[in-house]
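Subject: Structure handover

Hello,

Here is the structure for you to work with. Please open it alongside the notes that come after it.

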Amino acid sequence: MAFTIKINGVDRTADVDGDTPLLWVLRDVFGMTGTKFGCGKALCGACTIHLDGTPTRSCITTIDSVGSAAVTTIEAIGQTPAGQKIQKAWRDLDVVQCGYCQSGQIMSASALLASNPHPGDADIDDAMSGNICRCGTYVRIREAIKQAAQSNGREG
Ligand code: FES
Ligand code: FES
């Protein structure tokens, strides 16, 4: 069955079964491999994308459940104000180690910053708790989110 969904502002059509995970559609149908497969069970956060701005695990989101929601992926998050700040802070602080978890981390952090321009430690812990990093980059992730939030302050 054909499903048309809006990905990064563009309508894309995939001819797949309705229970196909959005993650597979992104990676295998559209070749958008920035979104990663980790656990496939909503436990690691590697596959995080945004649905209408809300961080969502694409591994357990079926294509037929997306409907008219706007899908944003790591390929386009840098075009949003929060995503741009987060990516700059990630580069400035050299957050990434192996990198596998990082697109998911950036998607969760960008959603946090978009909804809360000045998150505290508890806000960061809450928003990022579902994103696992086997390399243990948590300290740098926290600092990068705080740096990105400071840039909100300077502009405000
Ligand atoms: S691959 Fe989706 S949460 Fe792990
Ligand atoms: S940077 Fe390696 S898993 Fe997070």
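This is a predicted model: local features need pLDDT of at least 70, side-chain atom pairs count only at pLDDT 80 or more; totals for chains, interfaces and linings use all residues.

Pocket. The largest pocket has a volume of about 180 Å³. Its lining is made up of G38, C39, C44, A46, C98, Y100, C101, I132, C133 and R134. Sorted by class, these lining residues are 8 nonpolar, 1 polar and 1 charged.

Q102. This residue belongs to helix α3, which covers residues 102–115. Is Q102 buried or exposed? Its relative accessible area is 4%, which is under the 20% cut-off, so Q102 counts as buried. Setting aside residues up to four places away in sequence, Q102 touches W90, V95, V96, C133, T137 and I141. One of these contacts, C133, is also among the residues that line the largest pocket.

Cores. The largest nonpolar core has 19 residues, and the members that touch the most others in it are I86, W90 and I145. At least two residues of this core come from each of α2 (81–92), α3, α4 (121–128) and α5 (138–155). Another core, of 16 residues, lies apart from that one; F3, V16, I63 and V71 are among its members.

W90. Beyond its neighbours within four places in sequence, W90 is in contact with V95, V96, Q102, Q105, I106, A109, I141, A144 and I145.

Regards

Terms used. Residues are numbered from 1 along each chain as its sequence is written. Chains are lettered from A and ligands numbered from 1 in the order in which they are written. Side-chain values use heavy atoms; hydrogens and water are left out. On a 1 Å grid over the protein atoms alone, a cavity is a set of points where a 1.4 Å probe fits but cannot get out, and a pocket is an open set with protein on both sides within 12 Å along at least five of seven lines; lining residues have an atom within 4 Å of a point. Grid points are joined across faces, edges and corners, and a volume is the space filled by probe spheres set on the points. Ala, Val, Leu, Ile, Met, Phe, Trp, Tyr, Cys and Pro count as nonpolar, Asp, Glu, Lys and Arg as charged, and the others, Gly among them, as polar. Helices (H or I, at least four residues) and strands (E, at least two) are DSSP runs, numbered from the N terminus. Buried means under 20% relative accessible area, exposed over 50%, partly exposed in between (1.4 Å probe, protein chains only). Contact means heavy atoms within 4.5 Å. A nonpolar core is a set of buried Ala, Val, Leu, Ile, Met, Phe, Trp, Tyr and Cys residues joined through side-chain atoms within 4.5 Å.
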